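Look over the sequence and the model first, then read on.

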Amino acid sequence: MATSNLTPPVSWTRQTFLQEAGSLQSGLRQAIIDAIARGGLAPGQRMPSSRALAVELGIARNTVIAVYEELSTRGILNATARRGCFVADTPALPQSATGGSTKAAGASGDAEGVDWRTRMTSRIADWRHISKPKDWRRYPYPFLYGQVDQMLFPLPAWRLASRIALGRAAVDWWSADNVIEDDPLLIDQIRRIILPRRGVLARPDEILITLGAQEGLYLLSRLLVRPGDVVGVENPGYTDARHIFSLGPCEIRDLPLDDQGVVVDETLDGVNVAVVTPGRQCPTGVSMGLDRRRALLDWATRQDALVIEDDYEGELAVDAAAPPLKSGDESGRVIYLGTFSKVLAPGVRLGYMVGPSELIAEARALRRLVHRTPPLNNQRLAAIFMVEGHYNGLVRRLRTETDRRWTTARAALTRDLPEVEMTGGKGSSLWLTFPPGLEEELLVRKAAARGVLLESGRPFFSGQPERLHMRMGLSTIDASRIDAGVGRLAEAVRSLMP
């Protein structure tokens, strides 16, 4: 029997029918059977531990144990003492899962249904993704990145801006069909308030509003990459940037990093488009120095290459970091992406792209084919929030709190976990490298049992990393809880050390 330690390639947290099947137990049982029937779980594959799956789903461990025991009795799973639970080599699936229903027939390629696995051009859902437990708020020490600290968000100011955005004049504008036009008020605020702080100057026709910076990456992947092109992506780097460009007709090349981000050397030879995070490298947090930035811009000019700069945390920069690449771009080779997600909230889904007017016009035309524009009511609300001065006040508050949390976390890690390596300047996260020999699944389980959540570092790598890496996010946890959280993490690490 195979003894893979990999978590099954099933997005358990997205199995919404767990709540719709009458009971959690019956829903989980059917989810496992369906996953085996459609090939998402292979014979001999190891199931998550009952504790790990219970934590991920936010349900009682006894529920998972009961389902595993029932399916083992039915010959669908095999439970092995001290080794775990595995999919049976020949799982005894019910007839309804193997051919008795239209859904199963479609999954297995029966003539009565559709073989979706062969019809679809990709299996994106099976790729390695960054994930967070749905119930992360119930953990006392959620060291997660990208979430919003509700205690810092100025809710009264946001409500006030919302009331203004619902006034007759505003509603008359954003409720109309403006086809592909963005809110001119938001464009004006971006070019007058945000971009000058980053050393970037742009005309209105050089700015496009996006559904977060990630949509900007997708639009650029469709507009700038030709068959046979080579796209350079940081390794480790932003997972979805790699995924997005992998969908195109290009070669993905790993770009190595050092303590200043992307290394400018022969690895870049032949690269047509480089996707980089120079302000605060994702996920290591290192900042690219001025000399390295000049070298990267010189390389782009010599090679007639393009650079996509994702300045995802630019507004929260605490250190006196170097200005963006775009600020020194004299030949128009840098396309700049920014986002409001780290200041307002991920759910606001607003970002922006800055580039030559010809490119922006084409990106606007392509965006029209997807959804025309990001919701204009959200654009106007964000613009009013900025016009009233609340945005700048929130940025100042977040910078102060980011500085405090980062300093507290680094001091606690130095004291309680001196064997763990830390990289990156002041920001909303720390990149941790653990001593050799630690197993990620065990550490995550031990830490979660102590109320501590960390993000796996594996999704940021193109392959399997040699060491265990974790990202410690600081955007959600209050500074007063960091010391205790690091102490609990240290307990988990010590329990696994020889």
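D182 is buried, with a relative accessible area of 6%. That falls under the 20% cut-off for a buried residue. This is a predicted model.

**The D182 salt bridge**

- D182 pairs with R367 in a salt bridge, and their closest N and O atoms are 2.9 Å apart.

**Other salt bridges**

- The whole structure holds 31 salt bridges.
- One of them joins D304 and R333, with 2.9 Å between the closest N and O atoms.
- D304 and R333 also link distant parts of the chain, 29 residues apart.
- D304 is in the loop between α12 (290-303) and β10 (306-310).
- R333 is in the loop between β10 and β11 (334-339).
- D304 is exposed, because its relative accessible area is 56%, and the cut-off for exposed is over 50%.
- R333 is buried, with a relative accessible area of 17%.
- Salt bridges with shared partners tie D149, E401, R404 and R405 into one network.
- R138 and D135 form another salt bridge through their side chains, at 2.4 Å from N to O.
- R138 counts as exposed at 53% relative accessibility.
- D135 is buried, at a relative accessible area of 16%.

**Helix pairs**

- Helix α2 spans residues 50-57, and helix α3 spans residues 61-73.
- The axes of α2 and α3 come within 8 Å and cross at roughly 125°.
- The α2 and α3 crossing is right-handed.
- α9 packs against helix α14 (residues 376-387) at an angle of about 40°.
- The axes of α9 and α14 are 8 Å apart.
- α9 and α14 are therefore oblique to each other.
- The crossing of α9 past α14 is left-handed.

**A buried histidine**

- H243 has its place in helix α11.
- Is H243 buried or exposed? H243 is buried, because its relative accessible area is 13%.
- In sequence, H243 and W127 are 116 residues apart.
- In space, the C-alpha atoms of H243 and W127 are 8.3 Å apart.

**A nonpolar surface patch**

- Which residues make the nonpolar surface patch? I124, Y218 and L247 make it.
- The patch has an area of about 240 Å².
- L247 is in the loop between α11 (239-246) and β6 (251-255).
- L247 counts as partly exposed, because its relative accessibility is 44%.

Definitions and conventions:
Residues are numbered from 1 along each chain as its sequence is written. This is a predicted model: local features need pLDDT of at least 70, side-chain atom pairs count only at pLDDT 80 or more; totals for chains, interfaces and linings use all residues. Side-chain values use heavy atoms; hydrogens and water are left out. Patches are made of residues with over 30% relative accessible area and no salt bridge: like charges are joined within 9 Å, nonpolar side chains (Val, Leu, Ile, Met, Phe, Trp, Tyr) within 5 Å. Accessible areas come from the Shrake-Rupley method with a 1.4 Å probe; for residues, only the protein chains shown count as cover. A salt bridge is a side-chain nitrogen of Lys or Arg within 4 Å of a carboxyl oxygen of Asp or Glu. Helices (H or I, at least four residues) and strands (E, at least two) are DSSP runs, numbered from the N terminus. Buried means under 20% relative accessible area, exposed over 50%, partly exposed in between (1.4 Å probe, protein chains only). Axes are lines fitted to C-alpha atoms, for helices over the stretch in contact, and angles run from 0 to 180 degrees between N-to-C directions. A crossing is left-handed if the near helix is turned anticlockwise from the far one by less than a right angle, and right-handed if clockwise. Angles under 35 degrees count as roughly parallel, over 145 as roughly antiparallel, 65 to 115 as roughly perpendicular and the rest as oblique.
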